[in-house]
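This report describes how two chains meet in a predicted model. The sequence and structure come first.

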There are 2 protein chains.
Amino acid sequence: MRYLHTMIRVTDPDATIAFFELLGLRQVRRMDSEQGRFSLIFLAADEDSKGQGQRADAEVELTYNWPAEDGSPAEIYAGGRNFGHLAYRVDNIYETCQRLMDGGVTINRPPRDGHMAFVRTPDNISIELLQAGDRLAPAEPWASMPNTGQW
Amino acid sequence: MRYLHTMIRVTDPDATIAFFELLGLRQVRRMDSEQGRFSLIFLAADEDSKGQGQRADAEVELTYNWPAEDGSPAEIYAGGRNFGHLAYRVDNIYETCQRLMDGGVTINRPPRDGHMAFVRTPDNISIELLQAGDRLAPAEPWASMPNTGQW
């Protein structure tokens with residue numbers, strides 16, 4: 001028995017793919033179903049990836065349900081508290097947070113401790129980032145950056 | 001960069017641990033914080049496990065917030081549609097579903113196709129089960145079993 005993936009629903013696949021690419025993941029597989037009017041997009045971190053087109057060791061699956069053909073409004077995907085977050089280990093948490101911030105992502109819980117940060121996807125899925133190995137020495141702008149919202 | 005875990009919040013840790021053990025995962029790490037009044041329980045599938053006490057390749061983290069000392073009611077963890085499910089590959093989907101059913105778990109989406117099933121944790125986190133390799137030949141009681149609820 002083995003873990004395969006965590007699936008999240010997305011209202012804007014391009015925005016969510018852009019978020020995960022900024023974070024450092026890459027799209028490894030994608031399936032678009034004209035008949036079912038949905039797209040499944042699988043992304044993975046570099047250390048989990050087995051190459052383009054291959055199932056990675058651990059994937060995040062984005063499910064995008066296409067707009068209804070009759071023009072009826074798309075479902076809004078609210079969050080729920082039973083789900084917590086997805087967690088990734090990163091090589092340098094300051095560099096990852098800087099790249100996300102430069103890309104317009106709010107750092108909800110900045111890595112003040114050089115160890116842990118939280119951000120959210122465009123559909124408010126919480127993502128935890130954990131520094132690989134020992135925590136980094138405290139550094140600005142992170143050390144004095146306040147929390148924003150919840151995560 | 002590497003995937004670490006998916007965290008879910010639980011209202012009854014023992015019930016959720018029992019659910020995941022029935023599914024085939026094992027607890028690999030646990031941390032109880034008297035000061036913070038919470039418990040973190042990490043479980044992993046056998047193929048992801050690195051042994052007792054070791055961080056597994058892919059973990060599910062259960063967060064249990066202890067009841068408030070002042071007796072105020074515990075938070076109810078409702079679900080949200082932005083989160084979809086956790087997925088695991090299993091060696092024999094019929095055996096896994098039988099074991100879960102014998103343990104009192106509702107098979108929301110039975111493996112009629114010998115390939116895919118869905119169940120839910122006690123806090124309604126959806127779990128997808130996928131048959132390893134080729135789909136199994138259709139077999140009862142699964143082939144004629146209707147869906148129950150949503151997943």
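## Extent of the contact

Chain B gives 40 residues to the contact and chain A gives 40 residues (contact: heavy atoms within 4.5 Å). Between them, chain B and chain A bury about 3,700 Å², where buried area is the accessible area (1.4 Å probe) that two parts lose on being put together, summed over both. Carbon and sulfur atoms account for 51% of the buried area. On the side of chain B, Met1(B), Arg81(B) and Asn82(B) lose the most area to chain A, together 27% of what that side buries.

This is a predicted model: local features need pLDDT of at least 70, side-chain atom pairs count only at pLDDT 80 or more, and totals for chains, interfaces and linings use all residues. Residues are numbered from 1 along each chain as its sequence is written, chains are lettered from A in the order in which they are written, and side-chain values use heavy atoms, with hydrogens and water left out.

## Salt bridges

The rule finds 4 salt bridges across the interface of chain B and chain A (a side-chain nitrogen of Lys or Arg within 4 Å of a carboxyl oxygen of Asp or Glu). One salt bridge links Arg81(A) with Glu75(B), with the closest N and O atoms 2.7 Å apart.

## Strands across the interface

Strand β5 of chain A (residues 83-90) is joined to β1(B) by 6 bridges, and the two run antiparallel. Strands are DSSP runs of E, at least two residues, numbered from the N terminus, and two strands pair if DSSP finds at least two bridges between them. Phe83(A) has Ile8(B) as its bridge partner in β1(B).

Definitions and conventions. Helices (H or I, at least four residues) and strands (E, at least two) are DSSP runs, numbered from the N terminus.
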